[in-house]
Amino acid sequence: LELVIGAASSALAERVEAHLRRFPGIHAHIVGGAKAALENADAAWIASGTAVLEAALMGVPSILLYVTSEAQAKMARRMYAKIGGRYLGLPNLVLDRAVIPEFWQEEATGSALAEAMRTILRDPQAQLDDLKGLRAALGPADALEQCARFALDAAAR
């Protein structure tokens, strides 16, 4: 097992390295950002955000985890319930179904995350097959340009 950790900044990389020194049996490489970490990955645990969408589009089977402070979690749960939320991860939101397993707060235990990864590594193609419609669901290749034109047109009115 080789762990590759994507750190968005050198300060974060230093904090992660300091934490990992407490566990001499764990061998990890820290690289700059999610894309670098995902480039050769067989599968990934990813904190909720755009990185899980990036992994899905790169064809990397993933597990989403989201852990915050208790105060943030309490507020997020209230907001989430008000909007009738069912998913946290962008691929699941876009596809409107649970393709990427999601573990939030107390569900994100080491044993639960390890078991989910075992399941994915046994049959990574199952998740990849479920993600096949994701790119099309995001819109045409020029979707960003269309959004920019729309915003500029709306601002000009």
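Me: What lies 2.7 Å from the backbone nitrogen of threonine 68?
Reply: That neighbour is a polar atom in the side chain of glutamine 105. Please bear in mind that the model is predicted.

Me: Where is glutamine 105 in the fold?
Reply: Glutamine 105 sits in the loop that links strand 5 (102-104) to helix 6.

Me: Buried or exposed, that glutamine 105?
Reply: Glutamine 105 counts as buried because its relative accessibility is 7%, and the cut-off for buried is under 20%.

Me: Which residues is glutamine 105 in contact with, leaving aside neighbours within four places in sequence?
Reply: Glutamine 105 touches Tyr66, Val67, Thr68, Ser69, Glu70, Ala73 and Arg77. Thr68 in that list is the residue whose backbone nitrogen was mentioned above.

Me: What about phi of glutamine 105?
Reply: Phi is positive there, near 55 degrees, although the residue is not a glycine. Most residues other than glycine have a negative phi.

Me: Aspartate 96 next: what is its phi?
Reply: Aspartate 96, also not a glycine, has a positive phi of about 55 degrees. Aspartate 96 belongs to the loop between helix 5 (90-95) and strand 5.

Me: And how accessible is aspartate 96?
Reply: Aspartate 96 is partly exposed, as its relative accessible area is 49%.

Me: Changing topic: how long is helix 4?
Reply: Helix 4 covers residues 70-82, which is 13 residues, and spans 18 Å from its first C-alpha to its last. That is close to the 18 Å expected at 1.5 Å a residue.

Me: What follows helix 4?
Reply: Glycine 84 comes after helix 4, and its phi is positive, near 70 degrees.

Me: Where does leucine 131 sit?
Reply: Leucine 131 is in the loop between helix 7 (124-130) and helix 8 (134-137). Leucine 131 is buried, since its relative accessibility is 6%.

Me: Which residues does leucine 131 contact beyond four places in sequence?
Reply: Leucine 131 is in contact with Ala56, Pro91, Leu95, Val99 and Ile100. By C-alpha atoms, leucine 131 lies 17 Å from alanine 141, which is 10 residues away along the chain.

Me: Now the pockets. What is the volume of the largest one?
Reply: The largest pocket has a volume of about 1,300 Å³. Its lining comprises 37 residues, with Leu3, Val4, Ile5, Gly6 and Trp45 lying nearest the centre. Elements giving two or more residues to that lining include strand 1 (3-7), helix 1 (10-20) and helix 6 (110-122).

Me: How does that lining divide by class?
Reply: The lining has 27 nonpolar, six polar and four charged residues.

Me: Finally, the whole protein: how many helices and strands are there?
Reply: There are nine helices and five strands. In order from the N terminus, they run β-α-β-α-β-α-β-α-α-β-α-α-α-α. The C-alpha atoms fill a box of roughly 60 × 35 × 35 Å along the principal axes.

Me: What share of the 157 residues is buried?
Reply: Buried residues account for 26%.

Notes. Residues numbered from 1 in each chain as written. Predicted model: local features only at pLDDT ≥ 70, side-chain atom pairs only at ≥ 80, totals over all residues. Heavy atoms only, no water. 1 Å grid on protein atoms, 1.4 Å probe; cavity = no way out; pocket = protein on both sides within 12 Å on 5 of 7 lines; lining within 4 Å. Points joined across faces, edges and corners; volume = space filled by probe spheres on them. Helix = DSSP H or I, 4+ residues; strand = E, 2+ residues; numbered from the N terminus. Nonpolar A, V, L, I, M, F, W, Y, C, P; charged D, E, K, R; others polar. Expected span 1.5 Å × (residues − 1). Buried < 20%, exposed > 50% of the residue type's maximum accessible area, 1.4 Å probe, protein only. Polar contact = N/O pair within 3.5 Å; in protein donor to acceptor, adjacent residues only side chain to side chain. Contact = heavy atoms within 4.5 Å.
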